[in-house]
Amino acid sequence: MNIYDAIFYLFAVVTGLSAFFVVTTRNIVYAAFFLLFTFFGVAGIYVLLGADFIAIVQLIIYVGGILILLLFGVMLTNKITSVQIKTGTLQIVPAAVGVGLFAGFLIAVLTYTEWKTVDTALPLTTTEFLGVMLLQEYLVVFELLGILLLIALIGAASIARR
Amino acid sequence: MENNYLIPYLLLAPFIGGVLVLFINKNKENLIRYFGLAVSLIVFIISLIIYFDFDNADGGFQFLYRFSWIENLNISFYVGVDGLSLLLVLLTTFLTPLTLLSSWSSIDKKVKEFTFFMLMLELGMLGVFVSLDMFLFYIFWEAMLIPMYFIIGIWGGKQRIYASIKFFIYTMFGSLLMLVAIIWLAVYASSSLGYFTTDLVELYKVGPTVPKTIQNYMFLAFAFSFAIKVPLFPLHTWLPDAHVEAPTAGSVILAGVLLKMGTYGLLRFCLPLFPQSSISFAPAISVLAVIGIIYGALVAMVQKDMKKLVAYSSVAHLGFVVLGIFAMNLEAVQGAVIQMINHGLSTGALFILVGVIYERTHTREISEYGGIAKIVPIYAFALLFASLSSVGLPGLNGFIGEFLILLGSFKSTVLNNIWFTVFAASGVIFAAVYLLWMYQRVAFGEVKNPMMNELKDMTKREMLVLLPIFVFIVWIGIYPSTFLKVSEKTVRNILEQVETPHKAELK
Amino acid sequence: MELSINYILNELNFIKPELVISISIVLIVFTDLIFDKRKQILPVISLISLLITGYFVIEQFGMNTFAIAPAGSKGMLAVDPFGAFFKMVVLFASFIIILFSINSSEIKLSSDRHGEYYTLIFGMILGMLFVISAADLILIYISLELLSLSSYVLAGFTKQSLRNSEASLKYLIYGGVSSGIMLFGISIIYGITGSTNLYEINSLIQAPQLPNITFILASILIFTGIGFKISAAPFHFWTPDVYEGAPIPITAYLSIASKAAGFALLIRFVKVTFIQSINTEGYWQLLNIIDWKTFVVLISILSMTLGNFAALWQNNLKRLLAYSSIAHAGYLLLGLAVLSNQGLLAIIIYFAIYAFMNLGAFLIVMLIANKTGSEDMDDYNGLGFTSPLLSVSLAIFFISLTGLPPTAGFIAKLYLFIALIDAEMITVAVIALLNTVVSLYYYVRVLKHLYLVKAEPDTPIIGVSALNTVLILMLLIPTLVFGIYFTPIVDFAKVSVSLLGF
């Protein structure tokens, strides 16, 4: 186990644990803060994978943007902190069994599989490649994403209007 | 091949008539009634022309008309009649005007819709009998359910909704099985002929070559569908409900023609298409037929409702027909054909008579009546006449059919067991018991119900409805060969088609 | 590094329909802003742009090519008659739905948001057009998201009642989960093959393969996402609630267009990714990776049976049609289970006919609901005699949905049965048939309420405007005519069977 492995497991534990608390905590503000650690952990894993651009984007957009917005929303809304966000019917046992079985199956499959790997040196920076890919090979997808965002915006406006 | 347009006209007349009815103002009820009657009479006249032009010596299909319809599947609008279908076409065109006439006053609401549905029903029934293409046949077979559903459902009795849905689902279930078998056969034909076809005449050649196991499945699918329609015991449970709840016209058509479509299907499709299977299943089906004869008679005996009694008597009578068909010799099958006509006439007459009195008293309970012979003598005579015809009194039509069937089944090499005949013959006795007992309770004895003293006897219109039926009842009873000779050659052909592969197998 | 996007500029003529729709989105947004008071312009613009798109789609029946292919790869889109057919279904449904929307009292209530409404509809159309011809998993995912996102909002568009919001939220949650699962499946496939292009994946896995558990897992995960769109059991749980809660035009739209797009995607995914060869009779020889036949047959039997039996107890027409739509998804899947061009033909014919009859049924339900404000079956009592045109049409549409001759629905079932029996799947055919009998019961129940139950004095008389009469006839006449004479539809379907590469 070298240093990279150690860092990876550190981030993985941070991500997993904080995600667990996001779901289980009863206070919505705490949940939002735990979400921050989840995002942060994921960003760390991206860095380890050599995906520097995505890591930064993850930090800027999710941690810096979405989460802050979420917290603002929570704080500006009256009394939301006291709202019970847990539902009554949980069915913990069947859910745990089902999810456990599926997770076991997934882990077995994923460890057993021969993934397609390519031997290549990690590029120092991925930003340029990404930019070229998005504007060349995946231009149609990129443009479509633009429309998707427009539609999302209009949809949100439609929901928000009375 | 020269196209003959008579049969297309026969089908177009009720269709065009039915559509035109929709354009008549619905408040002019009498106009609608006269118009419907006129259309059905025109159809009857066309069928008479076909009858007089028909060549009895030729057993094959005549008056052929073919028009290429769906090229992709080699489906054509292919119609024609042979001796078997001609008789049933005549029965249909004969009964339809009479039923319209009989419901002149009993149907007093939504006359327009009623006339429309009756004409569409006639179109469907005629289509079933003249189709020489399985696809066309299937379309008529299914499409006919819709008008019948509405006739029972809208103009029927108290339980009409239940009865109509039951009728619909039962028959639909059977016919879908048949659809699968039709496609299976056509797909099979596409591997042996090289092209997909639903042409009946071509399938007659393909059917006997189908391997026995597959043939058995196809036979069962067809037979199941027809057995529901006949109805063969134990698939008869829809029949009493439908008959009892239907308005008189519906009951007459149901008993007179619709049930015949089942037996017609057995003769037209099951036997010639799947000869080997037909022979091996003949004893089993005959057992069911005989059970039907006895069961129908016994149940009819204990009915308190006149209409239900007649309905159960249909189960017994159709049992005779099925027994005759599966005895598979000339006498029996000819008897079955004539019995189909007989049942249409005598049961039709009985339903009309029940309808006539129901219209006056609004009850069908046998116990409510009694002694009406003194009050309404003409009616009592008519009821007696129809009952005796149904019983099978020598000299009237029922006797001829039942006698031929019993004779044929006795000699049958396919059944090869006289017990079928013995048990079936007992059914004749039961029939005498339940019908005459019913007649006795209704017509003779003391007048128990004071309301009955007010009864009016039959009107001229009602007599006009029954008279033609009675003429034919006597005609068939005295001189059946008028009708037998029409179907004789055809029946011989069918039997030959059944026996050829069978004999080849024995060698 | 140099950018070269010339290849896209050269191939823009392959995506003309998509371009027209994209431009229309912008146009609608601006029209809504500029002509703030004259909302009736919007449907007109929509209809015109649909017609133009339709013209370009018809052009595509003559094409059979990859589009938008950067150097060295196969191309993002496959433009072929198969795709063109499903695009036509989508456009036809959209055209009818916009006419529906003009009449719908539900949509009229929120007339201040018509701009959003039409934009979202066009967002859905764009998503569907891309889904239908996409040959790349990334594009498939993005366009599916575009489709879903628009439909989530549309399902809750009217905001008048609780059930409306419930529909929207349920749709969103189920949709989110299933698209997440699908994305996971896509990532696994990429992990194994290193490619996201269906055609490339197909050539990468051509080497003799043993059943590969990872690939099976990935395929099933992707199927989950598609199964959600076509509302096949067991991914159907959203259907009844969403169909009931959404405004009727949107319900009708989901039941036709969204389903058509899902089916096109499913067929393309299965056929392109897993095919090995096609024999002369048109049967597909699939790679020995996953047993699609058994899998699809199981799903389809489950969908049919569940849909039909659940429909028996429904009293709300929209819920009834929802379950019937689940059952029809089951019938349609049978066409895929045959794994032959014959089965594909059956699916195409089924869809062409299903579009008419199902839209028709929803139209009548909507017109009745406009007047009575209810879709409850008990409110249909006796309508047969007070409102003959509507009732006769509804009766014909329902008879056609059952599959009885002489309506077009029978032809749809006929070709399906022919395909099944030709493939010697007799047992499956019999199961489908038994299901049809079950379905007869609930369809006929509606007829019963219309005609057999006596009219009450307060049974409403529902008038039909001239426009609506035309609309009804537009859907009714094909439903009847194709039942009697279906050569044109079969010829059309035979052209449309051709899928790029096969």
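## Basis

Residues are numbered from 1 along each chain as its sequence is written, and chains are lettered from A and ligands numbered from 1 in the order in which they are written. In this predicted model, local features need pLDDT of at least 70 and side-chain atom pairs count only at pLDDT 80 or more, while totals for chains, interfaces and linings use all residues.

## Chain A against chain C

Chain A gives 25 residues to this contact, and chain C gives 33 residues. Two residues are in contact if their C-beta atoms, placed from the backbone, lie within 7 Å.

On the chain A side, α5 (127-135) and α6 (139-160) are the elements that give two or more residues. Helices are DSSP runs (H or I, at least four residues), numbered from the N terminus. The largest share, 14 residues, comes from α6(A). By class, the side of chain A that touches chain C has 17 nonpolar, 4 polar and 4 charged residues. Ala, Val, Leu, Ile, Met, Phe, Trp, Tyr, Cys and Pro count as nonpolar; Asp, Glu, Lys and Arg as charged; the others, Gly among them, as polar.

## Chain C against chain B

Here chain C supplies 23 residues and chain B 25 residues. On the chain C side, α18 (408-422), α19 (426-452) and α21 (487-496) each supply at least two residues. The largest share is that of α19(C), with 12 residues. The side of chain C that touches chain B divides into 19 nonpolar, 2 polar and 2 charged residues.

## Domains of chain A

Chain A is assigned domain 1 (1-82) and domain 2 (123-162). The bounds come from an automatic or database domain assignment. The C-alpha centres of the two domains of chain A lie 23 Å apart.
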